[in-house]
Amino acid sequence: MKSRLYYVLYFLYVIVVAFVLYLNGVFTGEEIALVNLAINVGFLIIIGIIFVISSVSFGRLNRIIYDLEDVAIRLQKEYKESDGKNLWGNYKDNAKVFEEEELQDAFDKYRLRVRGTRKRRGGGFSCDLEEFINEDLLDRVGMNFFNSGVSGMLTGLGILGTFLGLSMGLGAFSGDDIFTISDNVGSLLSGMKVAFHTSVYGIFFSLVFNVVYRSIMSDAYETLQEFLRVFRQTAQPHSAKDDENAATMLVYQATMANSLKQMLEMMRGGAMEQTAGVERIVDRFTERMQSALDTDFKKLGGALKTAGERQAVSAANASQMVEAVTALVEVNRNVQEALAKVMERQEEFAGQIEEQRRMLADTCSDMSDEISSQLYTFEQMRNLYEK
């Protein structure tokens with residue numbers, strides 16, 4: 001597993017320490033240059049302290065990763081046993097979800113946020129767990145502020161050892177003729193020996209630590225994303241915002257349809273009453289005129305009846321118009337449902353684009369850091385050799 005890869009650092013560290021002691025004559029019985037040995041041992045002790053500090057942070061990060069994996073497995077198991085039922089009801093009041101304190105504190109803050117937003121908005125809003133348990137939390141636990149600079153520190157120690165060894169050799173080198181110069185060549189070579197040894201294992205440890213550190217963080221980020229995916233699938237509190245909007249729209253449409261229906265009934269009833277009233281008026285008026293003036297007003301009555309019939313036709317047209325408006329409301333409701341589906345798809349697509357953008361940014365950042373580190377090392381070595 002990548003999270004245990006940092007054990008390789010200790011294995012390589014022991015090998016390098018033994019190799020340096022061997023080169024300085026500790027195991028071969030040769031004459032030991034105490035100054036060279038002291039410098040190399042001092043540098044190795046500093047590197048060992050750096051490794052110990054990094055290992056402590058990697059151990060804490062491993063515990064976080066294992067806890068996330070255990071909770072993800074438990075969520076999947078409970079979700080399967082409950083036949084796909086959302087598990088938020090089991091965890092919203094659970095006092096002990098995670099074993100690690102950092103994760104438990106973050107989850108408690110998430111639950112407080114969910115409760116607060118539900119109270120303020122009436123139960124429709126839900127935030128994402130990634131706002132609290134995210135890559136920033138892993139970076140803080142894994143001491144990213146320290147480990148991200150370890151590779152540069154190791155390279156710097158190697159370069160420092162190079163200049164220190166050259167300074168020692170040149171400081172002990174003196175003479176005006178070939179005989180005195182030849183007597184001091186040993187001290188110069190001894191200093192150069194320190195210089196090259198420190199450069200070699202400084203750059204070597206820098207490269208190895210960089211690979212180990214990036215592998216561990218990559219594994220931690222992948223575990224985090226897998227946990228968030230499982231949580232969203234099994235225990236993410238449902239957001240009722242869309243359901244409330246849809247319910248409100250349905251209530252509005254039902255109210256509008258009921259109002260139109262009442263208007264239609266009123267118009268139909270009013271038209272029938274008006275037609276009957278006109279007919280009664282016409283009959284009574286005709287009778288009275290005929291009795292009073294003894295004149296035939298049948299033609300006039302016919303005209304008034306025709307007017308009543310036309311009014312009935314107008315009422316029928318009004319009824320058709322109301323039915324058309326009702327159909328239009330139904331079409332509007334269908335259009336709103338289609339737009340809601342389109343918006344959901346757009347949100348999903350936007351989420352996918354954001355995820356790809358984040359992955360691309362992380363990759364570019366890693367490549368930039370690696371190239372900058374290599375260019376810096378190359379520049380320093382080139383300046384050294386040119387001098």
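Author: Let us begin with one side chain: Glu-337 has a relative accessible area of 39% and is therefore partly exposed. The classes are buried (under 20% relative accessible area), exposed (over 50%) and partly exposed in between, computed with a 1.4 Å probe on protein chains only. The model is predicted: local features need pLDDT of at least 70 and side-chain atom pairs pLDDT 80 or more, while totals for chains, interfaces and linings use all residues. Residues are numbered from 1 along each chain as its sequence is written, and side-chain values use heavy atoms, with hydrogens and water left out.

Reader: With which residue does the side chain of Glu-337 meet in a salt bridge?

Author: A salt bridge is a side-chain nitrogen of Lys or Arg within 4 Å of a carboxyl oxygen of Asp or Glu. The partner of Glu-337 is Arg-333, at 2.7 Å from N to O. Both residues belong to helix 10 (residues 298–386) and are 4 residues apart, about one turn of the helix. Helices here are DSSP runs of H or I with at least four residues, numbered from the N terminus (strands, E, need at least two).

Reader: How many salt bridges does the structure hold?

Author: There are 10. One of them joins Arg-111 to Asp-108 at 2.5 Å, N to O; these two lie in helix 4, 3 residues apart, about one turn of the helix. Arg-111 has a relative accessible area of 7%, so this residue is buried, whereas Asp-108, at 26%, is partly exposed.

Reader: Which parts of the chain does the salt bridge of Arg-232 and Glu-130 link?

Author: The side chains of Arg-232 and Glu-130 meet at 2.7 Å, N to O. This pair links distant parts of the chain, 102 residues apart: Arg-232 is in helix 8 (residues 178–234), and Glu-130 is in the loop between helix 4 and helix 5 (135–141). Arg-232 is partly exposed, because its relative accessible area is 33%.

Reader: How is a pair of aromatic rings described?

Author: Such a pair is described by the distance of the centres and the angle of the planes. Rings of Phe, Tyr and Trp (its six-membered ring) pair if their centres lie within 6.5 Å; planes under 30 degrees apart count as stacked, over 60 as edge-to-face and the rest as tilted. By this rule there are 19 aromatic pairs. Tyr-13 and Phe-51 form an edge-to-face pair, with 6.1 Å centre to centre and 75° between the planes. The pair links distant parts of the chain, as Tyr-13 is in helix 1 (residues 7–23) and Phe-51 is in helix 2 (residues 34–81), 38 residues apart. Tyr-13 counts as buried because its relative accessibility is 17%; Phe-51, at 1%, also counts as buried.

Reader: How do helix 1 and helix 2 pack?

Author: Two packed helices are described by the angle between their axes and the distance between the axes. Axes are lines fitted to C-alpha atoms, for helices over the stretch in contact, and angles run from 0 to 180 degrees between N-to-C directions. Helix 1 and helix 2 pack at about 175°, with their axes 11 Å apart. Helix 1 is therefore roughly antiparallel to helix 2 (under 35 degrees would count as roughly parallel, over 145 as roughly antiparallel, 65 to 115 as roughly perpendicular and the rest as oblique).
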